[in-house]
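This report covers aromatic ring pairs and the nonpolar core. The model is a predicted one.

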Amino acid sequence: MNIFQLLFICGIYNLLLTVFHISFWKVFKWNETLDKGSKANKYVIQIMNIQLIYLFLFMSIVYLFLPNELLNSILGYWIMFGYAGFWILRFIQQFIFLKIKGKFVIGLTLLFFIGSVVHLLPILL
């Protein structure tokens, strides 16, 4: 597998996370469950999710359509390094905030581990 294929996989990974986050309202029944908390929490959670959707879609476009720019500039490497850090931190937070029990949480933890590795490989190669 060459580095351009890895960047393509990063782009697809982020595109899939975009779709997954778009489904949060339905998957987590936010119309019902978020009403049980404070209004501030309800709106902050939804705003943060929309911002993540934007970030994942944006990074998907960068990885899919600007691989040369990522690989051939210092800025590109810093972007890849910073975004790999995003996924590494997300993986670590699984252990801090969630009990690793149940298929869904184990699946997410594995997904974030894969995301960490996939986003680190282009930097290390």
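Phenylalanine 113 is partly exposed, with a relative accessible area of 40%.

The ring of phenylalanine 113 pairs with that of phenylalanine 91. The geometry is tilted, with 5.4 Å centre to centre and 55° between the planes. Phenylalanine 91 lies in helix H6 and phenylalanine 113 in helix H7 (residues 103-124), so the pair links distant parts of the chain, 22 residues apart.

## Aromatic pairs and the ring cluster

The model holds 17 aromatic pairs. Among them is an edge-to-face pair of phenylalanine 56 and phenylalanine 86, at 6.0 Å centre to centre and 75° between the planes. The two residues are 30 apart in the chain, with phenylalanine 56 in helix H4 (residues 39-65) and phenylalanine 86 in helix H6 (residues 74-97).

Phenylalanine 56 is buried, at a relative accessible area of 2%, whereas phenylalanine 86 is partly exposed, at 27%. Both belong to a cluster linked by ring pairs, which also includes Tyr13, Tyr63, Tyr83, Trp87 and Phe112.

## The nonpolar core

The largest nonpolar core has 16 residues, and Tyr63 and Trp87 touch the most other members. At least two residues of this core come from each of helix H1 (3-22), H4, helix H5 (67-71), H6 and H7.

Beyond four places away in sequence, tyrosine 63 touches Leu7, Cys10, Gly11, Asn14, Leu70, Met80, Tyr83 and His119.

Definitions and conventions. Residues are numbered from 1 along each chain as its sequence is written. This is a predicted model: local features need pLDDT of at least 70, side-chain atom pairs count only at pLDDT 80 or more; totals for chains, interfaces and linings use all residues. Side-chain values use heavy atoms; hydrogens and water are left out. Rings of Phe, Tyr and Trp (its six-membered ring) pair if their centres lie within 6.5 Å; planes under 30 degrees apart count as stacked, over 60 as edge-to-face and the rest as tilted. Helices (H or I, at least four residues) and strands (E, at least two) are DSSP runs, numbered from the N terminus. Buried means under 20% relative accessible area, exposed over 50%, partly exposed in between (1.4 Å probe, protein chains only). A nonpolar core is a set of buried Ala, Val, Leu, Ile, Met, Phe, Trp, Tyr and Cys residues joined through side-chain atoms within 4.5 Å. Contact means heavy atoms within 4.5 Å.
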